[in-house]
Structure formats: structure tokens, C-alpha cells
Amino acid sequence: IFLLMPPTERNISLYESWLCSKNQGDIFFPDMKEEKKVEQNTNEIEADTGTETDKKQQQALGVESCVRVTLKENQTFIIPTGWIHAVYTPVD
């Protein structure tokens, strides 16, 4: 079983973080998530004072567009250039 992720900015950023992580062996890359501040600001009015405040939202962003390819015995698969891949082998 191959899991393929296109070389998007977010996927490459996650992959670089995963490669440099001390916990790389404990984290399956397709499950990787990264906390990022969302660019959009939300304006909120505080109930106590009535003043307006800008708050940046935090969001956990994971791998985008993960595709699963299951191969059978004697099949060949060519991974597209630049695509990130993970391999799961349930049985040797």
C-alpha cells in the first residue's frame, strides 16, 4: 500500500518538519499535523468593555490530498516526480 501526497507548499513544510523531528520513528507521516496561525483575523467585541479585538485563529493543518494506491503481486508503480510517499506493508 502506497500513500502519495502531492508536492504542495503545506505538504513540503510538513515533510521537512517530520524529517527534522526527534519523534520521526513514532509518527506516521500521513498522520502529521502542524499548528499554524491562520492569516485571517477575526474581530471580536469583548463583553466586559465593548472594545473590539483582533484575534488570530489557530488551526491544525494536516497533509493535503493523500491518495492510496494498493498494488498486487508483480505490479509496478512509478511514483510521480516530487511526490511524497509512505509505504505500508501489512505482509512480507
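**Reading burial, strands, a helix and ring pairs**

Mentor: Buried means under 20% relative accessible area, exposed means over 50%, and partly exposed lies in between (1.4 Å probe, protein chains only). This is a predicted model, in which local features need pLDDT of at least 70 and side-chain atom pairs count only at pLDDT 80 or more, while totals for chains, interfaces and linings use all residues. Residues are numbered from 1 along each chain as its sequence is written, and side-chain values use heavy atoms, with hydrogens and water left out.

Trainee: What percentage of the 92 residues of the protein count as buried?

Mentor: The share is 22% of the 92 residues.

Trainee: In what order do the three strands of the open sheet stand?

Mentor: Strands of a sheet pair through backbone hydrogen bonds, either parallel or antiparallel. Two strands count as paired if DSSP finds at least two bridges between them. Here the order is S4-S1-S5, and the pairing is antiparallel. Strand S4 (67-69) and strand S5 (84-87) are the edge strands, each pairing on one side only.

Trainee: How many bridges join S1 to S5?

Mentor: Strand S1 (residues 2-5) is joined to S5 by four bridges, and to S4 by three. Towards S5, leucine 4 stands opposite histidine 85, and methionine 5 has isoleucine 84 as its bridge partner. Towards S4, leucine 3 has arginine 68 as its bridge partner.

Trainee: Which residues cover the two faces of S1?

Mentor: In a regular strand the side chains alternate between the two faces of the sheet. In S1, Phe2 and Leu4 lie on one side, Leu3 and Met5 on the other, and all are buried.

Trainee: How far apart are the end C-alpha atoms of helix H1?

Mentor: The expected span of a helix is 1.5 Å times one less than its number of residues. The twelve residues of H1 (residues 9-20) should therefore span 16 Å, and the end C-alpha atoms are 17 Å apart, which agrees.

Trainee: Which residues of H1 are buried?

Mentor: An α-helix has 3.6 residues a turn, so residues three or four places apart point the same way. In H1 the buried residues include Asn11, Leu14 and Trp18. They cover an arc of only 65° around the axis, so they lie on the same side of H1; the arc is that of the directions from the helix axis to the C-beta atoms. The face turned away from the buried side carries the exposed residues Glu9 and Cys20.

Trainee: Why does cysteine 20 count as exposed?

Mentor: Cysteine 20 counts as exposed because its relative accessibility is 69%, whereas cysteine 66, at 40%, counts as partly exposed. A search of the whole structure finds zero disulfides, a disulfide being a pair of cysteine sulfur atoms within 2.5 Å.

Trainee: How many aromatic pairs does a search of the whole structure find?

Mentor: A pair of aromatic rings is described by the distance of the centres and the angle of the planes. Rings of Phe, Tyr and Trp (its six-membered ring) pair if their centres lie within 6.5 Å; planes under 30 degrees apart count as stacked, over 60 as edge-to-face and the rest as tilted. The search finds four pairs. Phenylalanine 2 and phenylalanine 77 form a tilted one, 5.7 Å centre to centre with 45° between the planes. Phenylalanine 2 lies in strand S1 and phenylalanine 77 in the loop between S4 and S5, so the pair ties together parts that are 75 residues apart in sequence.
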